[in-house]
Amino acid sequence: MVSAYAARAVALDWDEPALLALEQALDQRWSDELVELYGALPASRLATRESNLVRWRRVHDGSPALLLAQGRVALAQGRNEEAEVLLHEAIAAGAGASAWEALGASLLARGETTLAAQCLANALREQRGEDSIALVRPEPAVVVAPRATVEDQVMTPVPPVYDADRPRDDNGFPRIP
């Protein structure tokens with residue numbers, strides 16, 4: 001019931017009532033579904049949400065949904081390194097495809113497209129019930145110095161080496177034997 005209310009409130013741009021309803025419900029009775037929704041809500045009251053998540057973590061430390069929510073809030077605050085650590089913990093705890101997607105979005109924002117693609121592929125695997133695979137950081141590319149094309153090369157002629165002993169033609173060039 002709280003989940004449906006919060007989703008509808010967010011759709012109507014009533015973020016504050018949605019957050020309050022979720023916070024009250026989570027304080028009264030813990031639910032992984034509600035805490036995951038709490039972390040996925042639009043970015044508002046991030047500092048308060050973070051402190052609530054830290055407080056709840058003291059009691060529900062093993063909750064993958066709580067780790068995922070903390071990772072999402074950290075991402076919304078721009079703390080990418082901390083968010084990625086939390087998202088890796090959430091994945092290890094069994095948060096599933098949602099955590100892989102959030103980690104992929106974080107890596108994509110940092111420009112690590114190869115790792116982001118691997119995360120999104122793992123999210124698809126999780127949704128299909130398959131095992132995820134370990135992330136493999138790509139090898140750094142070897143930079144090869146560019147070679148000049150024929151047009152770019154300096155084409156000044158190399159002066160000939162004159163032998164004083166060789167006979168010369170009328171223009172001063174050595175004669176070919």
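1. A polar contact of 3.2 Å joins the side chain of Gln 70 to the side chain of Arg 57. The model is a predicted one, and this pair should be read with that in mind.

2. Gln 70 belongs to helix 5, which spans residues 64–76, and it counts as buried because its relative accessibility is 11%, where the cut-off for buried is under 20%.

3. The largest nonpolar core contains 19 residues, and Val 35, Tyr 38, Leu 53 and Trp 56 have the most contacts inside it. Two or more residues are given to this core by each of helix 1 (2–11), helix 2 (15–28), helix 3 (32–40), helix 4 (46–59) and helix 5, with helix 2 supplying the largest share, 5 residues. A second, separate core has 18 residues, including Leu 87, Ala 99, Ala 102 and Ala 116.

4. With its neighbours within four places in sequence left aside, Trp 56 is in contact with Glu 23, Leu 26, Asp 27, Trp 30, Val 35, Tyr 38 and Leu 66.

5. How many aromatic pairs does a search of the whole structure find? There are 2. In one of them, the ring centres of Trp 30 and Trp 56 are 6.0 Å apart and the planes stand at 65°, so the pair is edge-to-face. Because Trp 30 lies in the loop between helix 2 and helix 3 while Trp 56 lies in helix 4, this pair ties together parts that are 26 residues apart in sequence. Trp 30 is partly exposed, at 22% relative accessible area, whereas Trp 56 is buried, at 4%.

6. The rings of Tyr 38 and Trp 56 have centres 5.3 Å apart and planes at 65°, so this pair too is described as edge-to-face. It links distant parts of the chain, with Tyr 38 in helix 3 and Trp 56 in helix 4, 18 residues apart. Tyr 38 counts as buried, at 0% relative accessibility.

7. Trp 30, Tyr 38 and Trp 56 form one aromatic cluster.

Technical notes. Residues numbered from 1 in each chain as written. Predicted model: local features only at pLDDT ≥ 70, side-chain atom pairs only at ≥ 80, totals over all residues. Heavy atoms only, no water. Helix = DSSP H or I, 4+ residues; strand = E, 2+ residues; numbered from the N terminus. Buried < 20%, exposed > 50% of the residue type's maximum accessible area, 1.4 Å probe, protein only. Polar contact = N/O pair within 3.5 Å; in protein donor to acceptor, adjacent residues only side chain to side chain. Core = buried A, V, L, I, M, F, W, Y, C linked by side-chain atoms within 4.5 Å. Contact = heavy atoms within 4.5 Å. Phe/Tyr/Trp six-rings, centres within 6.5 Å; stacked < 30°, edge-to-face > 60°.
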